[in-house]
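Welcome! Please take a moment to look over the sequence and the structure, and then follow along through a few residues.

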Amino acid sequence: MGKIKKIGVLTSGGDSPGMNAAIRAVVRTAVYEGLEVMGIMCGYQGMINADFKPLQAHSVSDIIQRGGTILKTARCEEFRTPEGRAKAYVNLKEAGIDGVVVIGGDGSFTGARLFNEEYDIPFVGIPGTIDNDIFGTDYTIGYDTALNTVVEAVDKIRDTASAHNRMFFVEVMGAEAGFIALYSGIASGAEAIVIPEIKDDARNLKAMFDGGRKKSSAIIIVAEGDEGGGAFAIAESVKEDFKGYDIRVSVLGHLQRGGSPSAIDRVNASRLGHAAVEALIDAQKSVMVGLANGEITLVPFRKAVKLHKDVNHSLVALAKILSV
Ligand code: F6P
């Protein structure tokens, strides 16, 4: 493998605030290092369709503060197939792209891992998802912003819950993981938090409330991936236990994915974007750059996608203690 001269960058999977800051860091680092950069549009679909556009330092001006992604994003079924990846390889070769930075989540890294088992163009990943569910990194781009968005929303729900003496089930995103729910629950002083990592927590809600009528109002944060179902299903299944409460459900939905990235997301995205380009220059392939204890780490895609990242169970215990 010769020296890298031209790299591609794409965003894939669900967008997350800070992806633009990562794109900016990738482009500016590449320019600084004398590399050419091509933006690959709409995730892996852009590789398959040869939808590439040259990016210069000025192409990424004025985007560090913007949510979404200037490169667009998609979940691409075709890239899951050997035929799709073969088309992508031909197009990358024709465009002279000899290294790719993939900003996305575990689905995106699974595609990248497969591609790197089959072809000689190295891929390096940057964890970009609000879910924070990727093994090998303490942090994924967008998680901090999403968390702050959720806390702001729950604070508002708290006002009306308290005014009406109501119990609210608030459903938050996170896919199969409970990071957003656990952290936003602690930060908003939730009375209970229901997450997939703790089995049967939805069924045990009554016990947490000391017989069902202890506080005049309550906020219960429900992770969308909990095995008890979403917030509507859980509220329905426990309503007999909480007869004293007037129950409402609020599903926060996609507002959690938008908005201007927090300062933490911008700084971490900048670090990870820079590290990804340096990793390609250092002839790394099939790895994700992550942050562990504040330091940049390299994690093989194989591990990042296969191994399970658990929540910190001492925080689950803390949430219970503080909602006494
Ligand atoms: O992975 C990010 C995420 O926002 C999850 O939290 C959520 O389950 C999913 O994407 C929603 O996906 P879509 O935007 O396709 O509905």
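A residue counts as exposed when its relative accessible area is over 50%, and as buried when that area is under 20%. Keep in mind that this is a predicted model.

Val324 has a relative accessible area of 71%, so Val324 is exposed. Val324 sits in the segment after α11. Setting aside residues up to four places away in sequence, Val324 touches Lys214 and Lys215. The C-alpha atom of Val324 is 9.8 Å from that of Ala192, although 132 residues separate the two along the chain.

Leu322 belongs to helix α11, which covers residues 313-322. Leu322 also counts as exposed, because its relative accessibility is 61%. Together with Leu318 and Ile321, Leu322 makes a nonpolar surface patch of about 300 Å².

| Residue | Relative accessible area |
|---|---|
| Leu322 | 61% |
| Val324 | 71% |

Lys6 is part of strand β1, residues 6-11. The Lys6 side chain does reach the backbone oxygen of Ala95, at 2.8 Å. Beyond neighbours within four places in sequence, the contacts of Lys6 include Glu36, Met38, Ala95 and Asp98.

Definitions and conventions:
Residues are numbered from 1 along each chain as its sequence is written. This is a predicted model: local features need pLDDT of at least 70, side-chain atom pairs count only at pLDDT 80 or more; totals for chains, interfaces and linings use all residues. Side-chain values use heavy atoms; hydrogens and water are left out. Helices (H or I, at least four residues) and strands (E, at least two) are DSSP runs, numbered from the N terminus. A polar contact is a pair of N or O atoms within 3.5 Å; within protein, one must be able to donate a hydrogen and the other to accept it, and residues adjacent in sequence count only if both atoms are side-chain atoms. Contact means heavy atoms within 4.5 Å. Patches are made of residues with over 30% relative accessible area and no salt bridge: like charges are joined within 9 Å, nonpolar side chains (Val, Leu, Ile, Met, Phe, Trp, Tyr) within 5 Å. Accessible areas come from the Shrake-Rupley method with a 1.4 Å probe; for residues, only the protein chains shown count as cover. A salt bridge is a side-chain nitrogen of Lys or Arg within 4 Å of a carboxyl oxygen of Asp or Glu. Buried means under 20% relative accessible area, exposed over 50%, partly exposed in between (1.4 Å probe, protein chains only).
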